[in-house]
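Here is a friendly briefing to read alongside the viewer. Keep the model open and pick out the parts as they come up.

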Amino acid sequence: MLSFIDRVRYSPATKEIQSIYHWWVGELRGLAADIKGYLPQKANDSFEAVYEAKASDGSGYVGHVSDASDDWSELKGLVLNDDGRAKTLSILIPDQLCLVRTSSYPKLPSTELDSVIGLELATTTPFSSANAAWTWRHRDDGKTDVILIKRELIEQIRSLADEAGLILKDIRPKIADTNAPPFATFETPGTRRAQFWCKVNIGLSASLAALAVFIYFADYFQKTAALETLRSKIASTTTEARDLRAALNQKEKEKNAALKLQSLKNDRTSIVESWARITQLLPASAWVSELMLNKEGGAIVGFTGNAASLIELLEKDAALKDVTFATSIRIDPLNKAERFDIRFSHEAALELPSLQETSQ
C-alpha cells in the first residue's frame with residue numbers, strides 16, 4: 001500500500017506540475033539561447049575536434065584526433081589564447097564509433113526522457129550507466145535515435161586530454177539534437193568560476209536572508225515588548241481612570257444631594273422654624289404633651305380649656321394646611337381640661353432625601 005508521500009509523488013496533479021515545471025525550464029533555456037545568439041560572441045572561445053574522423057578546417061574547429069598522444073600534443077598548440085592560456089575543447093564522436101538505436105518515445109522533457117531511456121537500456125540491453133553513456137537525437141519521422149558509446153572510451157579520451165594538458169569541456173556526438181545532453185560534461189575553469197560565484201551568491205543571499213530574518217524578528221520582538229509595555233500602562237491608566245471616575249461620581253452625588261437639600265431648605269420652612277411659629281400661635285393656657293414634626297407635616301397632642309379655638313389659631317400660619325382633629329375632643333376627669341390631638345401637613349411639602357440617599 002502506497003504511503004501518503006508516494007501517493008502525492010505519483011498523483012496526476014504532481015505529474016502535471018512536473019510537466020509544467022519542465023516546460024517552463026525548457027522555455028527559459030530556449031529564451032536564454034536566443035538572447036545569447038543576439039549578444040556578441042568571442043571568436044574561438046571554444047574548439048571542437050572529431051575523434052578519429054576526417055574533418056575540414058573552420059572557425060573553432062581543429063580537425064581530428066585519435067588515441068595517439070602526438071595528436072593531442074599538436075592540438076594543445078592550436079587551442080591556446082594569445083596570453084598562453086588554454087581554451088576549452090569539445091570532442092565530437094562520429095556515428096561509426098557509436099551504437100544507434102531507434103525507438104519511439106512520447107514527447108517528454110529532456111530530464112524525463114533521459115530517465116526513460118536509462119530505464120529501458122537497463123532492462124532490455126546489456127548497457128547501463130556503469131558501462132555506457134548515451135544521448136539522443138530527434139528524427140523527422142517522430143522517432144528518436146538513442147546514441148550510445150562505451151564508458152571506457154570516455155575515460156580514454158579524458159586521460160589523453162589530461163596528459164596533453166588540455167581543458168576538456170564535454171564529449172558529445174558529432175550530429176545530434178542541440179537540446180540533447182552530451183555524453184559527458186567535465187569541469188573547466190569557467191565552470192569552476194561559475195560554481196564559485198554561485199556559492200558566493202548563495203552564501204551572500206543566505207546571509208542577507210538570515211540578516212533580514214534576524215532584523216524582522218528583532219523588530220518584531222522589540223515591537224512586541226513595546227506593545228506589552230503599552231498594554232500594561234494602558235491597564236494601569238484604565239484602573240486609575242476608573243477609580244477617578246468613581247470618586248468623581250461620588251463627589252457629584254454628594255454635590256447633588258447638598259444642592260437638593262439646600263434647595264429644599266430655601267423652598268420651605270425648617271422644622272425648627274415651624275416649631276417656633278406653632279409655639280407662638282398656641283395660647284398660654286394650652287399645655288402640649290406631644291409634638292411631632294416631619295417633612296410631611298406633624299401632630300400636636302395636649303390639653304387646653306378651649307380645644308376648638310386651636311384650629312383657627314393654627315390655620316393663621318400659611319405654612320400649615322389641612323389642620324384638623326385626629327380624634328374627638330375628650331375631657332380629662334382630673335383637671336376637667338379638653339384633650340386634643342391635632343394633625344396638619346406642610347404647605348407644598350417636598351420629598352426630602354433619606355439619610356441613606358444623602359450619604360451615597
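This is a predicted model: local features need pLDDT of at least 70, side-chain atom pairs count only at pLDDT 80 or more; totals for chains, interfaces and linings use all residues.

The chain holds 360 residues, arranged with nine helices and 13 strands.

**The chain as a whole**

- Of the 360 residues, 26% count as buried.
- The accessible surface of the chain comes to about 24500 Å², and carbon and sulfur atoms own 57% of that area.
- Taking contacts in the chain with a separation of 6 or more, 56% are between residues 24 or more positions apart.

- In what order do the strands of the open three-stranded sheet run? The order is β4-β6-β5, and the pairing is antiparallel.
- On average, neighbouring strands here are turned by 25° against each other, with direction ignored.
- β4 pairs with β6 (residues 144–150) in the antiparallel sense, over five bridges. For a specific pair to display, take L99, whose bridge partner in β6 is L148.
- Helix α4 (residues 110–124) packs on this sheet and touches β4, β5 and β6. The direction of α4 makes about 125° with that of β5.
- Helix α5 (residues 151–164) lies across β5 and β6, and α5 runs at about 60° to β6.

- Which residues make the nonpolar surface patch of about 770 Å²? The patch is formed by I20, Y21, W23, W24, L28, L31 and I35.
- L31, one of these residues, has its place in helix α2 (residues 12–38).
- L31 counts as partly exposed, at 47% relative accessibility.

- D322 sits in strand β11 (residues 320–325). If you are checking backbone torsions, note that D322 has a positive phi of about 55° although it is not a glycine.
- Is D322 buried or exposed? D322 is exposed, because its relative accessible area is 55% and the cut-off for that class is over 50%.
- T324 also has its place in β11, and T324 counts as partly exposed at 42% relative accessibility.
- Apart from neighbours within four places in sequence, T324 is in contact with I311, D341, I342 and R343.
- For a distance to check in the viewer, T324 and A308 are 9.9 Å apart in space, C-alpha to C-alpha, and 16 residues apart in sequence.

- T304 lies in strand β10 (residues 297–304).
- With a relative accessibility of 3%, T304 counts as buried, because that class takes in values under 20%.
- What is T304 in contact with, leaving aside its neighbours within four places in sequence? The partners of T304 are S285, A286, L310, A337, E338 and F340.

How values were computed
Residues are numbered from 1 along each chain as its sequence is written. Side-chain values use heavy atoms; hydrogens and water are left out. Two strands pair if DSSP finds at least two bridges between them. Helices (H or I, at least four residues) and strands (E, at least two) are DSSP runs, numbered from the N terminus. Axes are lines fitted to C-alpha atoms, for helices over the stretch in contact, and angles run from 0 to 180 degrees between N-to-C directions. Contact means heavy atoms within 4.5 Å. Buried means under 20% relative accessible area, exposed over 50%, partly exposed in between (1.4 Å probe, protein chains only). Patches are made of residues with over 30% relative accessible area and no salt bridge: like charges are joined within 9 Å, nonpolar side chains (Val, Leu, Ile, Met, Phe, Trp, Tyr) within 5 Å. Accessible areas come from the Shrake-Rupley method with a 1.4 Å probe; for residues, only the protein chains shown count as cover. A salt bridge is a side-chain nitrogen of Lys or Arg within 4 Å of a carboxyl oxygen of Asp or Glu.
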